[in-house]
Amino acid sequence: MLQRVQTIYLVLAAAVSAGLSMYLPYGLDKDAVALYSKTEPFLLTMFVGSAILSLISVFLFKNRKLQFVLGRINILLNFILLGVFVYWSLTVSGEAHVSEKGIGMIIPVISIVLLVMANKAIKKDENLVKSVDRLR
């Protein structure tokens, strides 16, 4: 059933991960040139992987347990991505890699919030199905 609330959360998480990460800079280098994730292969892979996991989870509505597990894996992937951004922003020595932080660094946080809300809704659906099964 694609009309559930977790579908909206998962599609929004995919849109944030894949869409916004391409257009919002995650920082500025020493020459004040905006740095985008589409120029970094590692970041691009992580963002696209997160978006793909979210979209796969949308279509696994019949298997809520697997949907929940994929949501957790996606949250873990976004925490790793957030850790990379924090590491890059804290290990700047002089004018090395990232000179200034950009708004693109909060994309994993937004995605994590959306994924947690989706997992809560999935868990709520699973508990509802279990309670109906007990009544039979």
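Me: Where in the protein chain is Tyr-26 found?
Reply: This is a predicted model, in which local features need pLDDT of at least 70, side-chain atom pairs count only at pLDDT 80 or more, and totals for chains, interfaces and linings use all residues. Residues are numbered from 1 along each chain as its sequence is written, and side-chain values use heavy atoms, with hydrogens and water left out. Helices (H or I, at least four residues) and strands (E, at least two) are DSSP runs numbered from the N terminus. On that basis, Tyr-26 belongs to the loop between α1 and β1.

Me: Is Tyr-26 buried or exposed?
Reply: A residue is buried under 20% relative accessible area, exposed over 50% and partly exposed in between, with a 1.4 Å probe and protein chains only. The relative accessibility of Tyr-26 is 2%, so Tyr-26 counts as buried.

Me: How many aromatic pairs are there?
Reply: Rings of Phe, Tyr and Trp (its six-membered ring) pair if their centres lie within 6.5 Å; planes under 30 degrees apart count as stacked, over 60 as edge-to-face and the rest as tilted. By this rule, the count is 2.

Me: Which class describes the pair of Tyr-26 and Phe-85?
Reply: Tyr-26 lies in the loop between α1 (5-23) and β1 (27-28) and Phe-85 in helix α3 (residues 64-90), so the pair ties together parts that are 59 residues apart in sequence. Both residues are buried. The ring centres of Tyr-26 and Phe-85 are 5.6 Å apart and the planes are at 35 degrees, so the class is tilted.

Me: Which residues form one aromatic cluster?
Reply: Phe-47 and Phe-85 also form a tilted aromatic pair, with 6.3 Å centre to centre and 40 degrees between the planes. This pair links distant parts of the chain, 38 residues apart, with Phe-47 in helix α2 (residues 41-58) and Phe-85 in helix α3. The one aromatic cluster is therefore made of Tyr-26, Phe-47 and Phe-85.

Me: What distance separates the end C-alpha atoms of α2?
Reply: The expected span of a helix is 1.5 Å times one less than its number of residues. For the 18 residues of α2 this gives 26 Å, which agrees with the distance between the end C-alpha atoms, 26 Å.

Me: What arc do the buried residues of α2 cover around the axis?
Reply: The buried residues of α2 include Leu-43, Met-46, Phe-47 and Ser-50. On the other side of α2, Pro-41 and Thr-45 are exposed.

Me: Which element has the lowest mean pLDDT?
Reply: The predictor's confidence in each residue is pLDDT, from 0 to 100. The mean for the protein chain is 86, and 90% of its residues reach 70 or more. Among the elements, α2 has the highest mean (92), while the lowest (68) belongs to strand β3 (residues 100-101).
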